[in-house]
Amino acid sequence: MNQLKCCVIIPTYNNHKTLKGVIEGVLQYTNNIIVINDGATDSTSIILSGYPELEVIHLEHNRGKGNALRLGFRKALSLGYDHAITIDSDGQHFPEDIPVFIEYLKEAGEAILLIGSRNMQQEGVPKKSSFGNTFSNFWFWFETGNKLDDTQSGYRLYPLHTIPTTFYTRKFEFEIEVIVRSAWKGVPVKNIGIQVWYDLKERVSHFRPFKDFTRISILNTVLVFISIFYIRPRDFFRKIKKKGFKKFFFENILESGDSPSKKALSIALGIFIGIAPFWGFQTVLVLFLAYLLRLNKVIAFAFSNVSFPPFIPFIIYGSLQIGSFFVPRTAPVLEDTASAMDMIRQNLLQYITGSFILAAVMSALFGTVGYIILAFFSSKSPKPLRNA
């Protein structure tokens, strides 16, 4: 613990039945302990007075677990720590698992955020906890692309210098914000197996199902929006910039492990969504459909950007011209004084009809040509040798 400059942070609120046992358990492994008394109204203050060697922060009023952790991180940094293990004070976590975190950190040799993975199928685990964890795991995957078995466990190891420095939440939803935004920063977020115990007689949970679930849902809505419209496009173009377009094309498209037909269908999907009139929802749709149809999300997203600014006037003009064969024209196309949006408004039905037809035709064309090219390169690539 001292070599890695690691401390243990214990946020607590009205857990006087289990707090002493948790502290005593942690003391078996380290004296580097920071306790945040989050405005407890029970005998928490009296219990903490019996441990003068600990760093204790007392708050007059309860402000939420997220706020307590933020204060703990700030205090740990001021004391010169590089890492912090957080453990709940309700007795569900085993201090005996502290060495598990430390050994994993030593072997990793890098800044890493570890989340204790609980066995949510074991006897005694509340159904609402199991459901909430499954719900949280899905949204974490959707927002970051990383799959975890447990995203709600409070037993964690944080790399204090690499997680975000500014946060926006203060309640239970903070533990979601910190792991999602850390993953966006490139910090590896992984699970590590831990023990868990739910003693319904002594354990006190302060999670308020309606209020806190609403807060979490609002946060996930914001995070999904940021992920779709900023993080994913940012990462996509960063990858292209880092590798160069030629290398990116060969590695992520030609040399992807998917079959030529799957890649071609991914191209077709991206082209269709990129041209069709789904403005503002193209990224959401292409990623969702690529996931639903089990297609290559990188390829589908790449080709959905066919409607970037230089091509937009041609797409609009082509859609209006094609639509004019099926829908009577209500206003002149490409009138000198009309903007592109004016033309669309004046010929909306014509534009929508033509746009879908153009999207379908170009999707089929690009998909077919893509399949031919990909099949050709696939046939030219060396086949793995088989054992005699």
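These questions and answers go through how some features of a predicted model are named.

Visitor: What makes α6 largely enclosed by the rest of the structure?
Guide: Buried means under 20% relative accessible area, exposed over 50%, and partly exposed in between, with a 1.4 Å probe and protein chains only as cover. Helices (H or I, at least four residues) and strands (E, at least two) are DSSP runs, numbered from the N terminus. Eleven of the eleven residues of α6 are buried, so the helix is largely enclosed. Among them are F174, E175, E177, R181 and W184. Just after α6, G186 has a positive phi of about 95°.

Visitor: Why is E177 called buried?
Guide: Its relative accessibility is 2%, so E177 counts as buried.

Visitor: What makes the contact of R181 with E177 a salt bridge?
Guide: The term needs a side-chain nitrogen of Lys or Arg within 4 Å of a carboxyl oxygen of Asp or Glu. The closest N and O atoms of R181 and E177 are 2.8 Å apart, so the pair meets the cut-off. Both residues lie in helix α6, four residues apart, about one turn of the helix. An α-helix has 3.6 residues a turn, so residues three or four places apart point the same way.

Visitor: How do you know that K20 and E24 meet in a salt bridge, and are they buried or partly exposed?
Guide: The N to O distance between the side chains of K20 and E24 is 4.0 Å. These two residues are both in helix α1, four residues apart. K20 is at 45% relative accessibility and therefore counts as partly exposed. E24 has a relative accessible area of 34%, so E24 is partly exposed as well.

Visitor: How many salt bridges does a search of the whole structure find, and which residues are linked in a network?
Guide: The search finds nine salt bridges. K65, D88 and E175 are linked in a network of them.

Visitor: What makes the second largest pocket a pocket, and what lines it?
Guide: On a 1 Å grid over the protein atoms alone, a pocket is an open set of points with protein on both sides within 12 Å along at least five of seven lines, whereas a cavity is a set where a 1.4 Å probe fits but cannot get out; lining residues have an atom within 4 Å of a point. The second largest pocket has a volume of about 580 Å³, a volume being the space filled by probe spheres set on grid points joined across faces, edges and corners. Of its 22 lining residues, the closest to the centre are T144, R232, D235, F236 and K239. Elements that give two or more residues to the lining are α5 (127-144), α6 (174-184), α7 (209-243) and α11 (297-304). Helix α7 gives the most, with nine residues.

Visitor: Which residues make the nonpolar surface patch, and what makes F229 partly exposed?
Guide: I218, V222, F225, I226, F229 and Y230 make a patch of about 580 Å². Patches are made of residues with over 30% relative accessible area and no salt bridge; like charges are joined within 9 Å, and nonpolar side chains (Val, Leu, Ile, Met, Phe, Trp, Tyr) within 5 Å. Areas come from the Shrake-Rupley method with a 1.4 Å probe; for residues, only the protein chains shown count as cover. F229, in helix α7, has a relative accessible area of 37% and is therefore partly exposed.

How values were computed
Residues numbered from 1 in each chain as written. Predicted model: local features only at pLDDT ≥ 70, side-chain atom pairs only at ≥ 80, totals over all residues. Heavy atoms only, no water.
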